[in-house]
Amino acid sequence: MNLQDLRKFDTVVEAQAALRESGYAEEFDTKEGKVYALSSQKEYQPEELKIVADARFEGMSNPSDNMVLYVIEAKDGVKGTMLDNMGGSESAQDPELLKKIPMDKNEDSK
């Protein structure tokens with residue numbers, strides 16, 4: 001899957017399913033100043049990760065349903081996604097921690 005194709009999906013669920021099929025199976029989450037890979041239970045510092053793509057998805061009926069999907073790769077080869085809400089409600093992720101994760105959106109997906 002070419003990561004530039006993320007914007008072709010209508011919903012975040014469709015995008016995540018396609019990413020899982022392309023090897024981005026892990027789900028990342030922020031907590032207590034670290035990024036956690038939920039399935040493998042690994043923890044990462046922001047400099048051990050990079051955001052290779054992101055896409056925004058708008059809720060059909062409620063602006064508070066707006067989400068951003070981050071596609072993340074770790075230096076140890078783990079690949080996955082992180083969801084964050086945007087708009088009217090408070091961020092689900094630590095915004096200061098997210099800012100520290102380098103963005104490298106020019107990389108092509110395999």
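This is a predicted model: local features need pLDDT of at least 70, side-chain atom pairs count only at pLDDT 80 or more; totals for chains, interfaces and linings use all residues.

Analyst: Residues are numbered from 1 along each chain as its sequence is written, and side-chain values use heavy atoms, with hydrogens and water left out.

User: In what order do the elements of the protein run from the N terminus on?

Analyst: Helices (H or I, at least four residues) and strands (E, at least two) are DSSP runs, numbered from the N terminus. The protein has 2 helices and 6 strands. Their order is α-β-β-β-β-β-β-α.

User: How many of the residues in S4 are buried?

Analyst: Buried means under 20% relative accessible area, exposed over 50%, partly exposed in between (1.4 Å probe, protein chains only). Across the protein, 38% of the 110 residues are buried. S4 is mostly covered, and its buried count is 7 of 9.

User: Over how many bridges do S4 and S5 pair?

Analyst: Two strands pair if DSSP finds at least two bridges between them. Arg56 stands opposite Val68 in S5. S4 and S5 run in the antiparallel sense, and the bridges number 8.

User: Which residues does Tyr70 touch, not counting residues up to four places away in sequence?

Analyst: Contact means heavy atoms within 4.5 Å. Tyr70 is one of the core residues that touch the most other members. Its partners beyond four places in sequence are Ile51, Ala53, Asp54, Gly80, Thr81, Met82, Asp84, Leu98 and Met103.

User: What is the geometry of the aromatic pair formed by Phe28 and Tyr44?

Analyst: Rings of Phe, Tyr and Trp (its six-membered ring) pair if their centres lie within 6.5 Å; planes under 30 degrees apart count as stacked, over 60 as edge-to-face and the rest as tilted. A search of the whole structure finds 1 aromatic pair. Phe28 and Tyr44 are 6.0 Å apart centre to centre, with 65° between the planes, so the pair is edge-to-face.

User: How many residues apart in sequence are the parts that this pair ties together?

Analyst: Phe28 is buried at 3% relative accessibility, and Tyr44 is buried at 4%. Phe28 lies in strand S1 (residues 26-31) and Tyr44 in strand S3 (residues 42-44), so the separation is 16 residues.

Key:
A nonpolar core is a set of buried Ala, Val, Leu, Ile, Met, Phe, Trp, Tyr and Cys residues joined through side-chain atoms within 4.5 Å.
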